[in-house]
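I opened the file and went through the rings first.

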Amino acid sequence: MDGDEESPSPLLDWKFSQVFGERTAGEEVQEVDIISAIEFDKTGDHLATGDRGGRVVLFERTDARDHGSRRDLERMDYSIGRHPEFRYKTEFQSHEPEVQEKKVKKICDMNMDPSQVAGNGSIASSSASTGPKACLPNGGCSERPYHLSNDFLFPPGVPSLRLPVVTSQETNLVPRCRRIYSHAHDYHINSISNNSDGETFISADDLRINLWNLEISNQSFNIVDVKPTNMEDLTEVITSAEFHPTYCHMLAYSSSKGSIRLIDLRQSALCDTHSKLFEEQEAPGSRSFFTEIIASISDIKFAKDGRHILSRDYMTLKLWDINMDSGPVATFQVHEYLRPRLVDLYENDSIFDKFECCLSGDGLRVATGSYSNLFRVFGCVPGCNEATTLEASKNPMRRQVQAPSRPSRSLTTLSRVVRRGAESPGVDTNGNTYDFTSKLLHLAWHPTENSIACAAANSLYMYYA
């Protein structure tokens, strides 16, 4: 992405690696089980997912332990026959949802032989010689029941006493909440980003960005506040925020108007003014009812080099150079084929879906999700026109998703009630089918390898190339 003349990177051949929580056909997914966040750690040896119920699941890589690091193997010219593999490590509850349903456990069976219980629930009289077999600690049974001479401990009519048996002892990780940062936001938090200084992090909601110290949980500094004096004057909200990967004094945040602001914490304690503003100017005569909705940025990510920012709006991916604020250096069409369907997307609220984006560790490719559980990978170096579309499944068949072959109608002349009977809501102008109810919103790229983890409802799919 540095603009140097390089030979185009070869097209990646993506293959299925693993799936966790795969659904069976027709299985209903609970709302609390839908994955809402995916993130690799800096080493790539651990992967965490979060769901809408507040559960965090941690996975750890297993194949690197057997053969050493991938970089060492490449130095040895060793052919890697195994793809990246992860396994479940542990899980914990990060928070409790505001409204929830819990299953209450209760004891339904008494600690006695059911044959000794009469129909009214009382104990039937019986002699010890006709009692049941006694269970032994090793799982077997003995013809001789356990007897206790004391009638107080062993009432008459109860021939045997069944005791719980410990069958196995496993070492499990026990997570412990170290600190709770509470009562600092009035709206839902959309972003949390750690600083490279290892001491601070930011949390952002629709109107504010707060700066925290990891060791201080009862105090934060409000560094960005876009709340107007009169809420009726509110014109835009904060949608995403992230720290620069190496400069601890720099961060960026995006807005619902399609702009990205770069701020420098060294300028002032309250960052009312930005150091740079990145936004794309509208083409003359292109504005419509949907212009501002589809321009809203749902996610931003800094590239590892810290020089580029990737942003995702409803229709496109855009790559920005922080040294060039005149416009994006590259634009990748993701949902252009849905442009004729913006009316339908607005009426079923799909137009407000928030898709995430990610970059490869080497900065050569970018990726994002779409409908029908599809995700797209684009090459972003000069001369590379890579654009791969795959489905999140065990058989990730490539699909060709292109722009409409005929001009789309002007959306300003359409009625929200009138429909064109000749067009099916599930087929685009190229005959590609899509399902608005199946959406791939969250995905993450491994920091050092060409490996992608993505979420389809409650299922976690992993691919490698």
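I looked up phenylalanine 375 and found it buried, at a relative accessible area of 0%; buried means under 20%, exposed over 50% and partly exposed in between, with a 1.4 Å probe and protein chains only. Tyrosine 463 is also buried, with 0%.

The model is predicted: local features need pLDDT of at least 70, side-chain atom pairs count only at pLDDT 80 or more, and totals for chains, interfaces and linings use all residues. Residues are numbered from 1 along each chain as its sequence is written, and side-chain values use heavy atoms, without hydrogens and water.

I then listed the ring pairs (Phe, Tyr and the six-membered ring of Trp, centres within 6.5 Å; planes under 30 degrees apart are stacked, over 60 edge-to-face, the rest tilted). The count is 20 aromatic pairs.

I checked phenylalanine 290 with tyrosine 346: the centres are 5.8 Å apart and the planes at 70 degrees, so I logged the pair as edge-to-face. Phenylalanine 290 is buried at 5%, and tyrosine 346 is buried at 18%.

For phenylalanine 375 and tyrosine 463 I noted centres 5.4 Å apart and planes at 40 degrees, so this pair is tilted. Phe375 and Tyr463 form one aromatic cluster with Phe16 and Tyr461.

Last, I looked at confidence. The average pLDDT (the predictor's confidence in each residue, from 0 to 100) is 80, and 72% of the residues score at least 70. Over residues 401-425 the pLDDT is below 50. Where pLDDT is low, the predicted coordinates should not be read in detail.

How values were computed. Contact = heavy atoms within 4.5 Å.
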